[in-house]
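Trainee: I am new to this structure. Could we go through it in questions and answers?

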Amino acid sequence: MRLLERNMVDFVYKPFLSKNEILKDGRKTGNYDLVYGSSVEYEGNIAPPSAFATNQLFGVETKYTHVLLMDDPDADIQEDGLIECKGKTYEIKAVRPSLNVLAVALKQRTENSYL
């Protein structure tokens, strides 16, 4: 039911490319600047997780706030990327493809969150 056309939203996916260490006066700071690739537009359903089946799919150790479901299991979405939808940014925590559906565990970024 989540993959009905009326439940779909457009979102932008940015793949993770690399992380560059931030230097200050030529010295390592221990902080990194994350580099993301060009944006790709997709369509899917983003909703809070529900029921026991979602917990089984991603396991109890995966920390996530939302689940993205897509009816394209071959979509090129990888872990550590970003998803932007309706002014909110989500980090991709886990990707689980199946025969007909791609399920993605997302963690919503807050304004104060730091990677």
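Mentor: One term comes before the rest: a residue is called buried if its relative accessible area is under 20%, exposed if that area is over 50%, and partly exposed in between. Keep in mind that this is a predicted model. By that cut-off, both Tyr 13 and Tyr 42 are buried.

Trainee: In what order do the six strands of the closed barrel run?

Mentor: The pairing in this barrel is antiparallel. Neighbouring strands of the sheet are turned against each other by 45° on average, with direction ignored. The barrel is closed, and the order of its strands is 1-4-5-8-7-6.

Trainee: Which residue in strand 8 is the bridge partner of Leu 69?

Mentor: Strand 5 and strand 8 run antiparallel and are joined by five bridges. Across to strand 8, Leu 69 has as its bridge partner Ala 103.

Trainee: Which two residues touch the most other members of the largest nonpolar core?

Mentor: The core has 17 residues. At least two of its residues come from each of strand 1 (9-14), strand 4 (40-47), strand 5, strand 6, strand 7 and strand 8 (102-108). Apart from it lies another core, of seven residues, including Phe 58 and Val 67. In the core of 17, the two that touch the most other members are Ile 77 and Ile 83.

Trainee: With which residues is Ile 83 in contact, leaving aside its neighbours within four places in sequence?

Mentor: Contact here means heavy atoms within 4.5 Å. With those neighbours set aside, the list for Ile 83 is Phe 11, Val 12, Tyr 13, Ile 46, Leu 68, Lys 88, Thr 89, Tyr 90, Ile 92 and Leu 106.

Trainee: How many residues apart are Tyr 13 and Tyr 42?

Mentor: Together with Phe 11, these two form one aromatic cluster. Tyr 13 is in strand 1 and Tyr 42 in strand 4, so that the pair links distant parts of the chain, 29 residues apart.

Trainee: Is Glu 91 buried or exposed?

Mentor: Glu 91 lies in strand 7. Its side chain and that of Lys 93 are joined by a polar contact of 3.2 Å. The relative accessibility of Glu 91 is 11%, so this residue counts as buried.

Trainee: Which backbone oxygen does the side chain of Thr 29 reach?

Mentor: Thr 29 sits in strand 3 (residues 27-36) and is partly exposed, at a relative accessible area of 35%. Its side chain reaches the backbone nitrogen of Asn 31 at 3.3 Å. The backbone oxygen reached by the Thr 29 side chain, at 2.6 Å, is that of Ile 22.

Trainee: What is the phi of Lys 86, and where is this residue?

Mentor: Asp 80, in the loop between strand 5 (66-70) and strand 6 (82-85), has a positive phi of about 75° without being a glycine. Lys 86 is exposed, with a relative accessible area of 71%. Lys 86 is in the loop between strand 6 and strand 7 (88-97), and its phi, also positive in a residue other than glycine, is near 50°.

Definitions and conventions:
Residues are numbered from 1 along each chain as its sequence is written. This is a predicted model: local features need pLDDT of at least 70, side-chain atom pairs count only at pLDDT 80 or more; totals for chains, interfaces and linings use all residues. Side-chain values use heavy atoms; hydrogens and water are left out. Helices (H or I, at least four residues) and strands (E, at least two) are DSSP runs, numbered from the N terminus. Buried means under 20% relative accessible area, exposed over 50%, partly exposed in between (1.4 Å probe, protein chains only). A nonpolar core is a set of buried Ala, Val, Leu, Ile, Met, Phe, Trp, Tyr and Cys residues joined through side-chain atoms within 4.5 Å. A polar contact is a pair of N or O atoms within 3.5 Å; within protein, one must be able to donate a hydrogen and the other to accept it, and residues adjacent in sequence count only if both atoms are side-chain atoms. Two strands pair if DSSP finds at least two bridges between them. Axes are lines fitted to C-alpha atoms, for helices over the stretch in contact, and angles run from 0 to 180 degrees between N-to-C directions. Rings of Phe, Tyr and Trp (its six-membered ring) pair if their centres lie within 6.5 Å; planes under 30 degrees apart count as stacked, over 60 as edge-to-face and the rest as tilted.
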